[in-house]
Amino acid sequence: MTIVATTRRAVLWVPDWPVVAAAAEAGLSPSAPAAVLYGRGMVAVSASARAAGVRRGHRKRLAQRACPDITILPYDEARDARAFEAVAAAAEDVVAGVEISRPGMLMIPSDGAARFHGSEEALAEALVSAVAELAGCESSVGAADGLLAAVLAARAAALIPAGESATFLAPHPIDTLTLGAMERTKREAVEDLVSVLSRLGIDTIGAFTALPFPDVLARFGPVGAWAHRIGLGEDVAPPVLRRAEEDIAVEYAFEEPAENSQQLVPVARLLAERLDEALLAAGMRCGKVRIVAATERGQHLERVWRTDVGARAGAFANHMADRVRWQLEGWLSGTSEGPERSGLTSLGVVAEDVVPLGSEQSYLWGGISGADSRAQRALERVQGLLGPDGVLAVREQGGRSPRERVLALPWGQEAAESRPLAHPWPGGIPDPAPATVLSIPKPVQVLDAGGTSVTVDRRLAISAPPTWVRLEAEPTDERARAANRHPASGHVGQVKGPVWERPRPVDSWAGPWPIAQRWWSADASRGAYLQVSLGDRAVLVAFRGGEWVLEAMYD
């Protein structure tokens with residue numbers, strides 16, 4: 001774990017932000033009783049609903065029983081982040097840079113800002129006033145040494161003197177450690193730690209931090225070490241300031257609608273060079289570029305591409321010229337997802353995630369080095385020869401089956417997160433994940449002890465325990481082909497249907513995991529999954545449409 005110098009922070013906190021953002025979008029009064037429902041419980045409750053007895057975690061019926069007039073609003077993480085932009089912009093009228101920890105909370109290194117405003121009290125007053133006037137919502141500000149102490153100070157609207165964060169934190173209940181975790185996955189890990197500590201009789205942060213650090217690290221690992229550090233008012237990560245740099249854009253309007261890619265190649269090069277010049281003139285680099293186009297039918301097309309090219313001479317213009325050209329060819333040919341094919345009337349490129357030169361993020365392979373540059377250029381050449389789909393980047397996304405959890409995109413292209421990894425996916429295939437997911441599922445036979453095919457009924461119940469599995473044979477497996485020759489055929493080697501290997505006995509199996517998704521839509525899917533061990537290998541098979549298929553293989 002990397003330990004950094006403790007930073008004195010000011011934290012601005014908007015209470016019950018998810019319900020504030022949801023109520024504003026729904027047009028409700030700030031004083032109306034409301035709550036945000038996520039899953040099966042409330043995750044945020046307004047002050048008026050809380051006064052009526054509604055609490056976080058209440059089920060919908062329980063909340064409505066406590067407060068019949070309550071409005072139940074849906075959870076939308078994107079909406080919360082989008083609406084919080086107004087609060088961040090208001091704070092940036094007071095200070096030069098802020099760190100958005102999560103929607104509803106932002107942090108500021110307070111030393112410089114407090115000196116500018118005269119004191120931390122003046123800084124807090126200026127922040128609260130700016131957010132109230134410009135964003136229209138109430139907030140509170142606190143300051144302390146270290147992350148957790150600053151968060152708790154904001155919730156209490158307190159300014160903790162320097163060096164007293166450990167004393168301030170000591171009497172707080174042990175479950176307040178979770179307030180220092182800004183990401184869902186880390187928060188879940190800290191909740192598990194808090195549960196263990198509570199069962200051990202450690203009820204306060206002070207009792208936990210009194211334990212020797214080496215013992216905590218040995219017993220609870222990195223999560224315990226992190227909690228011990230922030231419980232003492234220390235930091236384990238430096239603040240990451242949001243920069244208020246504006247996007248840089250260039251645009252080209254066609255005299256006549258452009259309907260073929262040959263017209264657009266020189267325009268793509270021109271726009272890429274102009275954007276490169278504009279960024280260099282401003283002393284900036286960007287992390288992403290948004291390609292936008294308008295058609296003669298009034299349609300608007302957009303696509304975002306990542307730019308992992310740093311500041312190499314000429315690299316950015318070449319890089320973006322290819323990507324603009326590929327995107328335009330896709331739009332004009334109708335192969336890219338989007339509206340009906342039509343001529344383009346205007347084309348623009350917008351540099352996003354703009355940062356000063358020298359502040360670029362590392363390349364895909366880690367830190368900046370000659371090897372990174374060579375690898376980058378090699379991939380660009382391959383993509384230039386084969387087209388954008390010739391080089392794919394794979395990343396994990398949310399989903400229930402291994403196939404759903406893999407997202408493959410043209411290398412360098414950004415896409416909206418349609419299946420957020422942080423969301424819960426009940427009924428998903430449990431870990432460990434398979435090592436190989438077949439690009440096209442193969443037929444497989446799953447048989448019971450009598451040699452009859454195992455089935456899954458409409459209630460997603462399995463007919464009998466699986467005893468044998470027959471995999472489809474490889475084309476070179478002559479023994480399997482001979483065993484599957486149709487006796488009525490006069491041609492040697494001709495087979496009827498799939499070619500099967502000899503049956504393999506099932507050593508053990510787990511499941512089934514029934515999955516019924518989107519039953520209300522045309523793309524509804526219904527089936528079940530089994531994990532099966534066959535001695536020398538383990539496989540994941542799926543039952544869909546009355547047949548078994550091989551989905552994936554484990555190492």
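Trainee: Is H58 buried or exposed?

Mentor: H58 is buried, at a relative accessible area of 19%; buried means under 20%, exposed over 50% and partly exposed in between, with a 1.4 Å probe and protein chains only. The model is predicted, so local features need pLDDT of at least 70 and side-chain atom pairs pLDDT 80 or more, while totals for chains, interfaces and linings use all residues. Residues are numbered from 1 along each chain as its sequence is written, and side-chain values use heavy atoms, without hydrogens and water.

Trainee: Where does H58 lie, and what does H58 touch?

Mentor: H58 lies in the loop between α2 (47-51) and α3 (60-66); helices are DSSP runs of H or I, at least four residues, numbered from the N terminus. Leaving aside residues up to four places away in sequence, H58 touches R40, G41, M42, G53 and A63, contact being heavy atoms within 4.5 Å.

Trainee: How many disulfides are there?

Mentor: The count is 0 disulfides, by the rule of a cysteine sulfur pair within 2.5 Å. C67 counts as buried at 8% relative accessibility, and C137 is buried at 10%.

Trainee: At what angle do α5 and α6 pack?

Mentor: Helix α5 (residues 110-117) and helix α6 (residues 120-135) pack at about 90 degrees, their axes 7 Å apart. Axes are lines fitted to C-alpha atoms over the stretch in contact, with angles from 0 to 180 degrees between N-to-C directions. This makes α5 roughly perpendicular to α6, a term for 65 to 115 degrees.

Trainee: Which residues meet there?

Mentor: S110, A113, A114 and H117 in α5 meet E120, A122, L123 and A126 in α6.

Terms used:
Helices (H or I, at least four residues) and strands (E, at least two) are DSSP runs, numbered from the N terminus. Angles under 35 degrees count as roughly parallel, over 145 as roughly antiparallel, 65 to 115 as roughly perpendicular and the rest as oblique.
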